[in-house]
Amino acid sequence: MTNVLAHHGSVATALGVHFLTATLMVVNGLLIMRETRNVAAAPETPAPQPAYRGSGRDRSVGFAPFQALAR
């Protein structure tokens with residue numbers, strides 16, 4: 001706003017730029033509040049994990065597509 005008035009711009013332009021900037025800041029703040037709001041608490045007991053079927057050698061390879069090559 002000050003920059004517009006310092007360069008001999010109109011008051012209407014200065015207020016318009018000020019209003020637009022203020023509106024964008026409010027929208028940005030609302031989006032940040034929405035993104036960082038609390039989510040539902042996680043369940044107390046973890047979900048059961050499927051049993052691992054394989055030998056220790058398969059587990060040591062570590063990357064599934066290469067497990068068949070390690071045999």
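**Exercise 1. Determine what share of the 71 residues in the protein is buried, and describe the accessible surface.**

Solution. Step 1: buried residues make up 4% of the 71 residues in the protein, where buried means under 20% relative accessible area, exposed over 50%, and partly exposed in between (1.4 Å probe, protein chains only). Step 2: the accessible surface comes to about 6,700 Å², and 65% of that belongs to carbon and sulfur atoms; such areas come from the Shrake-Rupley method with a 1.4 Å probe, and for residues only the protein chains shown count as cover.

The model is predicted: local features need pLDDT of at least 70, side-chain atom pairs count only at pLDDT 80 or more, and totals for chains, interfaces and linings use all residues. Residues are numbered from 1 along each chain as its sequence is written, and side-chain values use heavy atoms, with hydrogens and water left out.

**Exercise 2. State which elements the protein contains and which of them have the lowest and the highest mean pLDDT.**

Solution. Step 1: the protein has four helices and zero strands, in the order α-α-α-α from the N terminus. Helices (H or I, at least four residues) and strands (E, at least two) are DSSP runs, numbered from the N terminus. Step 2: the mean pLDDT of the protein is 78, and 65% of its residues reach 70 or more; pLDDT is the predictor's confidence in each residue, from 0 to 100. Step 3: among the elements, helix H3 (residues 56–61) has the lowest mean pLDDT (54), and H2 has the highest (94). Where pLDDT is low, the predicted coordinates should not be read in detail.

**Exercise 3. Locate Met1 and describe the patch to which Met1 belongs.**

Solution. Step 1: Met1 lies in the segment before helix H1 (2–6). Step 2: with a relative accessible area of 40%, Met1 is partly exposed. Step 3: together with Leu5, Val11 and Leu15, Met1 forms a nonpolar surface patch with about 350 Å² of accessible area. Step 4: the C-alpha atoms of Met1 and Gly16 are separated by 8.6 Å, although the two residues are 15 residues apart along the chain. Gly16 is placed in helix H2.

**Exercise 4. Describe the position and the phi of His8.**

Solution. Step 1: His8 is in the loop between H1 and helix H2 (11–35). Step 2: its relative accessibility is 76%, so His8 counts as exposed. Step 3: His8 has a positive phi of about 60 degrees, although it is not a glycine. Most residues other than glycine have a negative phi.

Notes:
Patches are made of residues with over 30% relative accessible area and no salt bridge: like charges are joined within 9 Å, nonpolar side chains (Val, Leu, Ile, Met, Phe, Trp, Tyr) within 5 Å. A salt bridge is a side-chain nitrogen of Lys or Arg within 4 Å of a carboxyl oxygen of Asp or Glu.
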